[in-house]
Amino acid sequence: MIVFVPRETAASENRVAIAPDGAKALVKLGLDVRIEPGAGVAAGFDDAAYVAAGAKLEPGALAAADLVLKVQAPSDSEIARLKSGAALVALMRPLDDPQRAAALAKRGVTTFALELIPRITRAQSMDVLSSQATIAGYRAVLLAALRMPKLFPMMVTAAGTITSARVFVIGAGVAGLQAIATAKRLGGVVEAYDTRAAAAEQIESLGARFVKLELDAGDAQDAGGYAKAQSEEFYAKQRALMAATAAKSDVVITTALVPGQRAPLLIDEAGVRGMKRGAVVVDLAAANGGNVALTNPGGERDVDGVLLLGPLNLPAEVPGDASRLFSRNVVTLVTHLVKDAKLALDLADEITRGTLLTHAGEITQALVKERAGA
Ligand code: NAD
């Protein structure tokens, strides 16, 4: 079975789906691993490292591949080159881009969408959303640290005392918890809020203060561990209550997401204007519509001296370690899908069925199919 790892073609995507040690693990499974020359260069992996791992360098293996491993979803021209019956593993943004799934189904490709990996213990080591969110949370704090007019740690010097930066993290999932840990390590005083009750203990275990709001989020967590959507009335109250904490913060990092929906708007324009001059907001939900009004997705904006950053792909800015983790996740998934060096799909298996996006000419996820109008 020919496995192909192409060079990513999306703008600013510096990651690669498989690192050299991942290639070695795939070769060990008996797979014929081919890498597009230069595929790992932006992540710091030379072609020679892949060859040493037992992979072959081949520029044009896309059309011959039985299994294609990518970071980002394939472009239209890449889809046109995939052979019918091939399998693909990539981030697919299935609910945002259902037409891409429709195109892959039409092409006869079996697609596994990495976002759909079930949140069960058995699949934790395949969970790309978690591994990449960890990196995004870390990087968000560093971005803020570099752009704010103040230091993070408290410092007592002969020239006077510097106070610690105050950091407010909204949404304490994987990215938020890593942002809290990073901000603490830099010496910040950290507060955080999440609608899921389970998050309070995790926030406190990292040494941050859980911000208690006079709000009833009800049963805020679904069976998969994700947040449930709240009413518009709830969000309006939340915005009003959180504005007071945002107003005294030097850094606000927002990470709140509800699967399949636009990110909830948690800081409105008045909230931004109520913040201190020099404060920095990093809106990690920018790719999903943003948690902060006025965020410029993919860019920045200055609102009365408050800097709003809306990065779209922070893991790609730490491409070496991001690719190492991504690669380990993908290799674990492929190992799960392969038997005797061939794809052996057990559609009764929760991980295989849950992750499958297209198969046998069909979109296999009901909601995606509905959105594709198929
Ligand atoms: P996510 O990226 O979908 O959302 C980020 C955070 O935003 C979540 O914690 C969510 O509760 C929070 N949020 C949503 N609406 C909010 C609001 N109005 N105000 C404040 N916060 C809000 O979620 P995630 O980070 O990927 O993970 C969420 C949970 O799932 C975590 O507890 C994580 O530990 C768990 N998880 C489990 C597994 C597994 O078992 N395999 C894998 C990954 C994550």
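In which sense do strand S13 and S15 pair, and over how many bridges? They pair in the parallel sense over three bridges. The legends below start from that pairing.

The model is predicted: local features need pLDDT of at least 70, side-chain atom pairs count only at pLDDT 80 or more, and totals for chains, interfaces and linings use all residues. Residues are numbered from 1 along each chain as its sequence is written, and side-chain values use heavy atoms, with hydrogens and water left out.

**View 1. Strand S15 within a seven-stranded open sheet.**
The strand order is S11-S10-S9-S12-S13-S15-S14, and the pairing is mixed. Strand S11 (209-210) and S14 are the edge strands, each pairing on one side only. Two strands pair if DSSP finds at least two bridges between them. Helices (H or I, at least four residues) and strands (E, at least two) are DSSP runs, numbered from the N terminus. Strand S13 covers residues 280-283, and its valine 282 has leucine 309 of S15 as bridge partner. Strand S14 (residues 300-303) is joined to S15 by four bridges, and these two run antiparallel. Arginine 301 stands opposite leucine 308 in S15. Aspartate 302 has leucine 307 of S15 as its bridge partner. Two residues lie between the strands in the hairpin of S14 and S15, where aspartate 304 takes a positive phi near 50°.

**View 2. Both faces of strand S15 (residues 306-309) are covered.**
Val306 and Leu308 are buried on one side. Leu307 and Leu309 are buried on the other. Buried means under 20% relative accessible area, exposed over 50%, and partly exposed in between (1.4 Å probe, protein chains only). Helix H5 (residues 128-147) lies across strand S12 (251-254), S13, S14 and S15. H5 runs at about 155° to S13. Axes are lines fitted to C-alpha atoms, for helices over the stretch in contact; angles run from 0 to 180 degrees between N-to-C directions.

**View 3. The two sides of helix H1 (residues 20-28).**
Pro20, Gly22, Ala23 and Leu26 of H1 are buried. They cover an arc of only 155° around the axis, which puts them on the same side of H1. The arc is that of the directions from the helix axis to the C-beta atoms. Lys24 and Lys28 are exposed on the other side. The buried residues of H1 pack against strand S1 (2-5), strand S2 (32-35), helix H2 (47-52), strand S4 (67-72) and helix H10 (319-337). Contact means heavy atoms within 4.5 Å. Just after H1, glycine 30 takes a positive phi of about 90°.

S2 and S3 run parallel, joined by two bridges. Isoleucine 35 stands opposite leucine 57 in S3. Serine 323 is found in H10. Serine 323 counts as buried, at 0% relative accessibility. Leaving aside neighbours within four places in sequence, serine 323 is in contact with Arg15, Val16, Ala43 and Phe45.

**View 4. The surroundings of the ligand.**
The ligand is surrounded by 22 residues. The closest are Arg119, Ser130, Val174, Asp194 and Arg196. A residue is near a molecule or strand if one of its heavy atoms lies within 4 Å of it. An oxygen atom of the ligand is 2.8 Å from an N or O atom in the side chain of arginine 119. A ligand nitrogen atom is 3.4 Å from a polar backbone atom of isoleucine 120. An oxygen atom of the ligand is 3.4 Å from a polar backbone atom of glycine 225.

**View 5. Two exposed loop residues with positive phi.**
Aspartate 340 has its place in the loop between strand S16 (338-339) and strand S17 (342-343). Its phi is positive, about 50°, although aspartate 340 is not a glycine. Aspartate 340 is exposed, with a relative accessible area of 71%. Alanine 360 is found in the loop between strand S18 (356-359) and S19. Phi of alanine 360 is near 50°, a positive value in a residue other than glycine. Alanine 360 is exposed, with a relative accessible area of 69%.

Conventions:
Polar contact = N/O pair within 3.5 Å; in protein donor to acceptor, adjacent residues only side chain to side chain.
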